[in-house]
Amino acid sequence: MSRTWSSKKEASAWVTLTTNDSYALGALVLAASLKRVGTKHELAILVTPGVSQAMKAQLRAAFNHVEEVDVLDSKDVANLKLLTRPELGITFTKLHCWRLVQYEKCVFLDADTLVLQNCDELFEKEEFSAAPDAGWPDCFNSGVFVYKPSADTFSALIDFALIHGSFDGGDQGLLNLYFKDWATKDISKHLSFVYNMCSTATYSYLPALKQYGQNIKIIHFIGTSKPWLHQFNAETQLVSISETTTHLAPFLQTWWDLFCTHVHPVLSSEMTSIRLS
Ligand code: UDP
Ligand code: MN
């Protein structure tokens with residue numbers, strides 16, 4: 001806490017979010033992936049009361065800063081139903097990332113993203129930079145974005161949300177309405193798709209994946225089939241792949257390799273220490 005009062009601002013941080021222990025697994029693997037590529041930036045995470053104490057201890061070990069926040073629910077049940085993803089109301093909690101004012105510049109990453117190559121250059125971009133959404137490329141996908149923490153922007157976003165709501169019931173609809181000139185105003189705020197490769201997109205354009213796949217810097221496992229929900233064979237150390245995820249096999253395997261090397265061993269020892277104490 002005393003850090004908040006230190007005169008020197010931390011320069012910059014990667015920021016993610018988890019509201020439960022399940023997404024926390026994603027966040028831990030994401031942190032391991034950022035360290036593997038040697039990022040020079042700090043790691044921060046927003047957590048809600050839904051995360052267990054044991055998991056918070058793990059997150060504190062992996063992240064430089066753990067910020068406890070309340071769940072902001074859009075209460076927009078009708079719109080969320082349209083998306084058939086009622087749990088996405090929770091992503092309004094993401095807005096709290098603007099309150100991390102101890103940092104000058106941040107890059108938000110969903111907990112279901114995985115960093116494959118160093119992309120510290122993202123911190124040279126200005127607010128609000130994001131990559132196109134694969135479903136509607138005139139909208140950005142809100143799983144990866146560059147922003148500048150600010151209490152004023154946070155309250156402006158909340159006021160805006162109360163008046164306008166979100167057209168998809170989640171943070172992406174809201175942020176696209178708020179930063180509405182993203183599509184047309186300044187091309188330098190369009191991040192390349194390689195910084196937010198939405199896993200479902202490649203299925204509809206496999207030749208592009210074949211051509212450009214080695215350039216991918218951040219993969220984003222959007223949708224309901226998260227890496228930690230895939231079956232994993234502990235004997236062969238291989239993740240099970242279904243017909244619809246064949247093209248994602250190397251990425252899912254990388255996620256699981258990082259999980260087995262960096263996350264599972266510490267999780268297990270933590271569980272043991274809890275039982276012993
Ligand atoms: N999230 C969370 N708990 C939930 C749902 C979402 O913590 O129950 C956070 C998490 O960081 C997640 C982000 O909100 O990556 C956005 O949700 P998700 O990635 O599931 O949406 P998608 O990218 O599939 O549209
Ligand atoms: Mn996501």
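A polar contact is a pair of N or O atoms within 3.5 Å; within protein, one must be able to donate a hydrogen and the other to accept it, and residues adjacent in sequence count only if both atoms are side-chain atoms. Keep that in mind.

Two notes on the model. It is predicted, so local features need pLDDT of at least 70 and side-chain atom pairs count only at pLDDT 80 or more, while totals for chains, interfaces and linings use all residues. Residues are numbered from 1 along each chain as written, chains are lettered from A and ligands numbered from 1 in written order, and side-chain values use heavy atoms, without hydrogens or water.

Now ligand 1. A side-chain N or O atom of H220 sits 3.0 Å from one of its oxygen atoms. For D110, the distance to a ligand 1 oxygen is 3.2 Å. For a polar side-chain atom of Y23, it is 2.6 Å.

Next, the metal. What coordinates the manganese ion, ligand 2? D110 and D112 give OD atoms, and H220 gives NE2, at 2.2 to 2.4 Å. Donors here are N, O and S atoms within 2.8 Å of the metal (3.2 Å for Na, K and Ca); water is not among the atoms, so sites may look incomplete. Along the chain, the spacing is D-x1-D-x107-H.

Where do they sit? D112 is in the loop between β4 (103–109) and β5 (113–115), and H220 is in strand β9 (residues 218–220), so the pair ties together parts 108 residues apart in sequence. Strands are DSSP runs of E, at least two residues, numbered from the N terminus.

Methods. Helix = DSSP H or I, 4+ residues; strand = E, 2+ residues; numbered from the N terminus.
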